[in-house]
Amino acid sequence: MYKRLSAIMFPLTALLLLGALVWGYQENQEKNSILIKAENQYQRAFHDLSYHVERLHGELGNTLAVNTTSNGMHRKGLVNVWRITSEAQNEINQLPLTLLPFSETEEFLSKISNFSYKAAVRDFTKKPLTEGEMANLKTLYANSAEISKDLQDVQNKVISNRLRWMDVETALATEEKAEDNTIIDGFKTVDKRVAAYPELDYGPSVASIYDKRSVKKLGGKPVTAEQIKAKALKFADLGGNANVKMQENGKGTEWASYTATITSKEHKEPVTMDFTAEGGLLISYNDNREVGPAKVSMKQAVEKAGKFLEKKGYPGMTAVSADRYDNLGNLTFVTSQDGVLIYPEKMTVRVGLDTGEATGFQASDYVQEHKEKRVIPKPELSLAEVRAMLNPEFKELYNRLAWIENEDAEELLTYEFGGKINGSQFRIYLNAADGNEEAVEQIRTSSGAQDK
């Protein structure tokens with residue numbers, strides 16, 4: 001019996017063992033294959049990064065070498081700078097640097113990219129490169145030479161010492177080993193050098209991209225939780241039996257704020273509001289009531305939302321867009337001054353289409369940009385003169401004056417034209433002083449606002 005059992009089990013066990021060995025070998029081969037592919041990808045991305053930073057230095061030099069009046073060559077050079085920095089940024093994203101402090105270099109490349117793009121796309125015949133921008137290019141030329149040299153030093157060490165990027169991932173995961181990794185040390189050296197560079201004045205169009213809004217810029221005196229509580233009760237208007245729970249956010253920081261949560265027996269769901277700690281300005285309002293099936297039209301919702309804002313202390317607001325999402329409507333309102341729509345001062349209102357009543361709004365843009373009185377010039381061009389600059393195939397539905405902020409972060413007066421072309425609906429904003437196109441945006445045809 002034992003011999004018979006052994007005769008069966010031994011070959012079976014041997015077969016299973018052999019199978020396990022084969023499976024283990026295949027798994028190991030597949031794992032090694034994946035590791036090799038990852039290593040090759042990292043190596044390629046790093047060498048491409050080093051190459052493109054060197055190319056960036058060369059292209060900046062080419063741009064500076066031509067005559068200051070060579071607008072065509074300046075444009076070509078800046079486009080190439082933008083393209084090369086974009087490729088370098090993409091290569092950084094392919095490297096395992098998420099845990100490594102390399103943010104200074106990433107932001108440095110990002111600012112070069114935005115600066116070169118915004119300079120290249122403008123009309124050089126009207127706005128050639130300024131002395132300040134040429135000085136920036138010279139500084140960037142010198143800085144990129146240093147960064148390129150540092151990256152090439154790392155590259156030479158990687159090649160000569162046969163270093164592996166997979167070891168970088170391991171080193172980053174185990175902090176005690178990270179200090180001794182040559183690649184990590186090299187990237188830290190680059191980032192430290194970039195951090196030491198003085199900040200350049202890239203102009204308002206680039207600065208606006210990196211400008212971090214702060215409620216401290218608003219001014220106003222600090223308010224207490226009790227003052228916010230009184231404001232919240234008055235705004236919510238849920239009756240004398242309402243209760244308020246206050247929460248202070250970000251105490252001691254530039255983002256300090258208060259959240260008021262109001263409950264009432266007459267109102268099933270809580271109402272929450274956010275206020276700035278300085279000035280006590282209302283940033284957002286949210287009524288958490290359950291919204292039922294849609295019964296009112298978007299046009300009715302716009303009318304009710306306008307009355308809601310009027311009642312809550314925001315008079316004269318104009319709806320400029322209205323989008324429907326199931327049983328909710330999202331409406332954008334802006335202020336106006338002397339018949340001109342002020343787009344920077346916008347609010348987004350959410351309405352429930354079961355009753356058309358507002359269920360919340362977001363007013364951070366309004367709070368940040370609102371001014372009692374703006375200096376708005378008269379249009380230098382007539383409506384007819386600007387209209388003649390539109391595409392002949394554009395079918396105009398309405399026009400109005402609009403105060404907007406363009407891509408260069410400049411506020412200016414425009415003629416806004418709403419209309420259709422190529423089967424879609426657009427808003428086109430033409431400068432009221434020279435007729436240049438400042439902005440074009442496609443809009444949903446289901447809009448229930450003033451798309452006349």
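A residue is called exposed when its relative accessible area is over 50%, and buried when that area is under 20%. The model discussed here is predicted.

**Overall make-up**

- The secondary structure of the protein chain consists of 12 helices and 12 strands.
- The protein chain has 452 residues, of which 41% are buried.
- Among contacts between residues at least 6 apart in sequence, 61% join residues at least 24 apart.

**Two loop residues with positive phi**

- Asp237 lies in the loop between helix H9 (225-236) and strand S1 (243-249).
- The phi angle of Asp237 is near 55°, a positive value in a residue other than glycine.
- Asp326 is placed in the loop between strand S5 (318-325) and strand S6 (328-337).
- For Asp326, phi is likewise positive and near 55°, in a residue other than glycine.
- Asp326 counts as exposed because its relative accessibility is 69%, where exposed requires a value over 50%.

**Ser50 in helix H1**

- Ser50 belongs to helix H1, which spans residues 2-65.
- Is Ser50 buried or exposed? Ser50 counts as buried, because its relative accessibility is 2% and the cut-off for buried is under 20%.
- Leaving aside residues up to four places away in sequence, Ser50 touches Leu151, Gln152 and Gln155.
- With one of these residues, Gln155, Ser50 also makes a polar contact between side chains, at 3.1 Å.

**The second largest pocket**

- The volume of the second largest pocket is about 490 Å³.
- This pocket is lined by 19 residues, and the closest to its centre are Arg122, Asp408, Asn436, Glu437 and Glu438.
- Helix H3 (103-120) and strand S12 (437-443) each supply at least two residues of the lining of the second largest pocket.
- Which element gives the most to this lining? Strand S12 does, with four residues.
- By class, the lining of the second largest pocket comprises 11 charged, five nonpolar and three polar residues.

Terms used:
Residues are numbered from 1 along each chain as its sequence is written. This is a predicted model: local features need pLDDT of at least 70, side-chain atom pairs count only at pLDDT 80 or more; totals for chains, interfaces and linings use all residues. Side-chain values use heavy atoms; hydrogens and water are left out. Buried means under 20% relative accessible area, exposed over 50%, partly exposed in between (1.4 Å probe, protein chains only). A polar contact is a pair of N or O atoms within 3.5 Å; within protein, one must be able to donate a hydrogen and the other to accept it, and residues adjacent in sequence count only if both atoms are side-chain atoms. Contact means heavy atoms within 4.5 Å. On a 1 Å grid over the protein atoms alone, a cavity is a set of points where a 1.4 Å probe fits but cannot get out, and a pocket is an open set with protein on both sides within 12 Å along at least five of seven lines; lining residues have an atom within 4 Å of a point. Grid points are joined across faces, edges and corners, and a volume is the space filled by probe spheres set on the points. Ala, Val, Leu, Ile, Met, Phe, Trp, Tyr, Cys and Pro count as nonpolar, Asp, Glu, Lys and Arg as charged, and the others, Gly among them, as polar.
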